[in-house]
Amino acid sequence: MKSPTDKKRWIRPLPERLINKIAAGEVVERPASVVKEMVENSIDAGADRIEIIVEKSGTRLIKIVDNGCGIGEDQIEIAFSRHATSKISEFDDLDRIMSYGFRGEALPSIASVSRLRMVSRPADADTGIEIIFEGGVLQTKNPIAAPVGTSIEVENLFFNTPARRKFLKAETTEARHVTRTSMALAMGRYKIGFSARVNGRKVFSLPSGLGLGERVAGLLAPGKKFVEVSGAMGPIQVEGFISPPDLARSNRNGQFIFINGRYIQSPTLAHAFAAGYGELLPRGNFPVGALLLTVDPTEVDVNVHPAKTEVRLSREREIHDALYRLVKESLRQQGVIPHLQVPSSLPTSTASTTAISQGSHPPGDNQNVIPGITRPMPTSAGQMKEIYERTPPVTVSDTPAIVQVDTSTGEIIDESQPFEPTGAPVSLQFIGSFNNLYLLFQSGSDLLIIDQHTAHERVLFEDILRQMDNEGGLAQHLLLPVQVDLGADQMTLFDEALATLNKSGFEVAPFGGQTVRIEATPAVLSRKSPEKSFLAVLNDIASLKKSGYDLNKAIAQSIACRSAVMAGDKLSDREAIGLVDSLLKCENRYSCPHGRPTFIKMSREDLDKQFGRG
Ligand SMILES: Nc1ncnc2c1ncn2[C@@H]1O[C@H](COP(=O)(O)OP(=O)(O)OP(=O)(O)O)[C@@H](O)[C@H]1O
Ligand SMILES: [Mg+2]
């Protein structure tokens, strides 16, 4: 090996083929990168139908066929030389890139590490042209009969860069990347017809001309209704469809965020997406869906990452906040869970039911078993009826040949899965209670299983917060005030929380030294020992504050948790229905303030599957 002290060291430009191979290391990380680059070229070429075929996870073949503008015979060779592009010509163009391509690097890079065959024909040419490269070296270029558009076949990827080939992951991993990339491309340009076949299996086949909602549902959860996000705020305009909370996943694989049609990876925007759900999602759960942002191109720098999957945004903070608010607002506006219209009268076994709000309880019933559920129950005759109060759902029933893909594995879940048009009005009926914990309701062909404790916690939490914001929490005065001695740390916390505690229904005051006097407790806690409840709430706030809760929420959460019906508390039918009625009126019906679900849904189909009914 020559040392740097050797006399003569020639500095020479690298041969073009070697430069391309080096560039390929950046542009083409894996088979999915080839799919991305080639499909983006097809989109830039104005295609409205694009076909993706991948064999052996891309190591044997990646084929992309489009019906775009094609490349003329005199241009085709130039397209394979480095930095040759038809997309930008001026330096200023870089500041407002609207096309996917702008570097003129993808084709020469890919051609240098594979055997590449391209056949292309512009609309004004009588015949097509075929060009073949091997390891970046031109093999043949001949006229050939071809339809208008471009077809490109990349074979033996990385055959001449063994290190790169060796670093490819297991075939299933590469297939998963290819699938995810294809899905992202199909969502970012939802008007274009797309089909993808990976390792001999049809992953999706999506017609052109349908809306974003159909596409997102079709790719992420066929037959399910997604929530539309649409609007402009601050520096962004957003168009998107996002999942109701019950479709959330434990990873971020179902999230697709785009800026000006470009799929990007941005922890900041992913955060805004999930944060918009707030407590709708338990910790560790992530929403699913696609959000397409339009931003002034002069404020987006796409030229920061070789694969262009990262962008620099000049107003990132504002974009984050606007996206967060748009997501939150859309979820608030569009309820996706059936809204219970309380029964006009209760089904037959009403003997044991009494209007909770009227305070008359059957003998033996714990009168305070369900505090805080005070809405009057209607008394006139009629059947228990209910309606979905919601916008017409997205259905994909008219979208042919779509299969559901597990985005984490790239596997097709069930090709025979039928598309079930959703959205017909469905009734919600109380079936009964299980183990004095779970309340069972029928909603159309779904079974809703409601956890009475978490549901009640949610109802109380929102009630208490509302009361704290308005006139203050309902208080129950004690006949004899109680004095409690606190530890030094508790006293500090007490001083800090005093004003807020007194808005929550407690009436407490310092009583000299480390003693506190309790005059009243929140009405919902009135059956518990005032001293014990107060100390429990104080301890709860200490730990909730540590986990970042603000004081109001911490106090409301603690009181709600301490006063909610417990597992094992028996509810009458009327109480159960009253509870669910109140839950459905909550801003967030899906989870308790700790993030645990308030209910789960099982479809008739799920049950049928369990019982082996075709
Ligand atoms: N499917 C296609 N249909 C029509 N023209 C194409 C197609 N693919 C490539 N081209 C032409 O070949 C040129 C080179 O493509 P290449 O992908 O290498 O560069 P680019 O898209 O301009 O930039 P980038 O490297 O950023 O992708 C393009 O500018 C375009 O004119
Ligand atoms: Mg390109």
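Predicted model: local features only at pLDDT ≥ 70, side-chain atom pairs only at ≥ 80, totals over all residues.
Residues are numbered from 1 along each chain as its sequence is written, chains are lettered from A and ligands numbered from 1 in the order in which they are written, and side-chain values use heavy atoms, with hydrogens and water left out.

Two packed helices are described by the angle between their axes and the distance between the axes. For α6 (residues 171-188) and α7 (residues 212-220), the angle is about 165° and the axes are 9 Å apart; axes here are lines fitted to C-alpha atoms over the stretch in contact, and angles run from 0 to 180 degrees between N-to-C directions. On the α6 side, M183, A186 and M187 make the contact, and on the α7 side L212, R215, V216, L219 and L220 do so, where contact means heavy atoms within 4.5 Å.

How many residues of α7 are buried? Eight of its nine are, so that this helix is mostly covered; buried means under 20% relative accessible area (1.4 Å probe, protein chains only). Leaving aside residues up to four places away in sequence, T181 touches A32, V35 and K36.

Turning to the aromatic residues, a search of the whole structure finds eight aromatic pairs, defined for rings of Phe, Tyr and Trp (its six-membered ring) with centres within 6.5 Å. The rings of F273 and Y277 have centres 6.1 Å apart and planes at 55°, so this pair is tilted, the class left between stacked (under 30 degrees) and edge-to-face (over 60). F273 is buried at 0% relative accessibility, and Y277 is buried at 2%. Elsewhere, ring pairs link F256, F258 and Y263 into a cluster. R180 lies over the face of F256, 4.3 Å from the ring centre; for such a placement, NZ of Lys or CZ of Arg must be within 6 Å of the ring centre and within 35 degrees of the ring normal.

For the chain as a whole, 50% of the 614 residues count as buried.

Key. Helix = DSSP H or I, 4+ residues; strand = E, 2+ residues; numbered from the N terminus.
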